[in-house]
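Hello,

Here is the model we talked about. Please look it over first; my notes follow below.

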Amino acid sequence: MKSREMVVDTIRTLKLLSKWGANMAVGRRRPVIAVFSMTHYCNFYCPMCPFGDADKEGQIVLARRKDLTTEQWKTVFDKVSSHCVWSIIEGGEPTSRPDFMELVRYLHSKKMPITLITNCSLLHTIDLDELKKYIQFVTCSIDSVFEEPYCKVRGVTPQTYRRVMDNLQLLTEHKVPHYFNSVITKYNTQEFIDQTYFDRAKELGANAVSFTFVEDRSDVDYSLLPDRETMNKVCASILDYMGKKKEPQVMIPPEYFQQILQDGRGHFDECGVWKSIFVNGNGTVMVPCWKFNSPENTYSLLEHSVDEIWSAPQWDIAKTCHDCEVLGCIWYSSQPVTTFARNYMRGLGKMISKERPELAEAV
Ligand code: SF4
Ligand code: SF4
C-alpha cells in the first residue's frame, strides 16, 4: 500500500497542529483525532463489542431513535473539523447507514482525511470508486483470516465470512487502499502463534496489519482474553515475524508486544484518551471515556462546543487512570505523538517529525 499523504492538506494539518501546540503550551488539552461512531447498529455479533448485541431488531429501533440525523452529523463534523487533523469513521457498522456516502463526501469537503473502519460485509453495496476519492484507507476489521475462528469471534455464518472475503477482493480490484485490524481474543490466537495469519492476510490483499489484544468489557461477566502463557506466545511470535519479514507491515510498534510479554500489560505514563474526540452515535462524548459512562460525564456535541467539553473537570480522571491494560488504541494514543500518528494516520507521523519536530516532542 502506497502512502496517500499527498492528498492530505498539509497546510490545514500544520495550521491545526500549531493551534494544538499553542493550546498545549498554556496547559489546554484539546483533541486532534476525531472518531465518529456513526450508528448504534451493526449486523455482526462480536461478543467483545457492545454493538454485537444479539437483539438486532431492538438495535434497529435504538438506531432509529438515537442515531444522529444526516444534518446533525454535519453539524458535528463542522464543529470537530476546526480542531482535528484526522478522522476515523466507525460504528456500529458505518456502511449500514443509508446516508453513508453523503456523510463521507461532506467530511471530505471539510478537508478531513478519513479512515473508514468497517467489518466489510456491506462493501458490495457501495460505490468503491467513489469512496476511494474521499477516504485515505479502509481499515478492515478482520479478526481472523480463517473461516472457523472468524465465524466464532464474529458470531456470523460461513456465508457472511465468504461475503467478506469477496468484498476484500473488491477492495483490491478497485484499488482502494486497505489494511487489516485484528482483535486478538482467546478464539484466534493460533494463527498468530503459527504465523499463518500473515501469509493469508497478504493473500487477501492486505500489505499492512494492526493488532490489539481484546480489553475485557466491564459490563459483562466473561473474559475473552487469552491466558498469560498464550498471550506470551502470541507476542513472541508477532515480534519474531516483525524481525524477519517486512510484509505485511505490522503497524503497531514492537514495544506494545514487548511490554505485554514482559509485564502482561502495556505501559504508559498518562492515558492519552483526551487526544481523540470520540463521538457516539447520538452525538454525545463521554469524559474521559466510555468506561466512566454516567449522565454527569456525558456531554452532547450538539449542545456544547469542543472547547467547553474539553474544559470539563472529569478529564482529570484520565491523569491517573491506567485501567486499559492491553487496548492497542489507548496504548499508542498514550505514547509520544509521532508514535501515535503512525497507525491510523499513516504518513502523518513522518510529516510531523519533519515539519514540526517540536510538536513531536510536546507530549
Ligand atoms: S463488527 Fe465491529 S462494530 Fe460490529 S459487533 Fe463486531 S466489533 Fe462491534
Ligand atoms: S486508561 Fe482509564 S481513562 Fe484511559 S481510556 Fe482507559 S479507562 Fe479511560
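The protein has 17 helices and 10 strands. Both are DSSP runs, numbered from the N terminus: helices are H or I with at least four residues, strands are E with at least two. The radius of gyration is 19 Å, close to the 21 Å from the globule rule for 363 residues, so the protein is as compact as a globular protein of that length. That radius is taken over C-alpha atoms, and the rule is 2.2 Å times the number of residues to the power 0.38.

This is a predicted model: local features need pLDDT of at least 70, side-chain atom pairs count only at pLDDT 80 or more, and totals for chains, interfaces and linings use all residues. Residues are numbered from 1 along each chain as its sequence is written, chains are lettered from A and ligands numbered from 1 in the order in which they are written, and side-chain values use heavy atoms, with hydrogens and water left out.

**Overall**

The C-alpha trace spans about 50 × 45 × 45 Å along its principal axes. Of the 363 residues, 58% count as buried. Buried means under 20% relative accessible area, exposed over 50%, and partly exposed in between, with a 1.4 Å probe and protein chains only. The protein exposes about 15,700 Å², and carbon and sulfur atoms supply 52% of that area. Accessible areas come from the Shrake-Rupley method with a 1.4 Å probe; for residues, only the protein chains shown count as cover. Take the contacts with a separation of 6 or more: residues 24 or more positions apart account for 75% of them. Contact means heavy atoms within 4.5 Å.

**Core**

The largest nonpolar core has 108 residues. Phe 36, Leu 131, Phe 180, Phe 211, Phe 257 and Ile 277 touch the most other members. Helix 10 (residues 228–244) gives this core its largest share, seven residues. A nonpolar core is a set of buried Ala, Val, Leu, Ile, Met, Phe, Trp, Tyr and Cys residues joined through side-chain atoms within 4.5 Å. Leaving aside neighbours within four places in sequence, Leu 131 is in contact with Phe 100, Met 101, Val 104, Leu 116, Ile 126 and Val 138.

**Ligand 1**

The shell is Cys 42, Phe 44, Cys 46, Cys 49, Phe 51, Gly 52, Gly 92, Asn 119 and Arg 154. Each has a heavy atom within 4 Å of the ligand. By class, that is five nonpolar, three polar and one charged. Here Ala, Val, Leu, Ile, Met, Phe, Trp, Tyr, Cys and Pro count as nonpolar, Asp, Glu, Lys and Arg as charged, and the others, Gly among them, as polar.

Tyr 45 sits in the loop between strand 1 (33–37) and helix 2 (56–66). Tyr 45 is partly exposed, at 34% relative accessible area. Beyond four places in sequence, Tyr 45 touches residues including Gly 52 and Arg 154. Tyr 45 and Lys 152 are 107 residues apart in sequence and 9.4 Å apart in space, C-alpha to C-alpha.

**Backbone**

Most residues other than glycine have a negative phi, and most peptide bonds are trans. Please check these exceptions.

- Gly 91 and Gly 92 are joined by a cis peptide bond, omega about 10°. Gly 92 is in the loop between strand 2 (86–90) and helix 4 (100–109).
- The bond from Val 287 to Pro 288 is cis, omega near -5°. Pro 288 lies between strand 9 (284–286) and strand 10 (298–300), in the loop.
- Lys 111 has a positive phi of about 65°. Its loop runs between helix 4 and strand 3 (114–118).
- Gln 195 also has a positive phi, near 65°. Gln 195 is in the loop between helix 8 (190–193) and helix 9 (196–203), and is buried at 14%.

Asn 181 lies in strand 5 (residues 178–184). Asn 181 is buried, at 16%. Its contacts beyond four places in sequence include Asp 143 and Phe 211.

Asn 188 is buried, at 1%. Outside four places in sequence, Asn 188 is in contact with Asp 143, Ser 144, Val 153 and Val 183.

Ile 193 is in helix 8 and is partly exposed, at 26%. Ile 193 and Val 234 are 41 residues apart in sequence, yet 5.1 Å apart in space, C-alpha to C-alpha.

Best wishes
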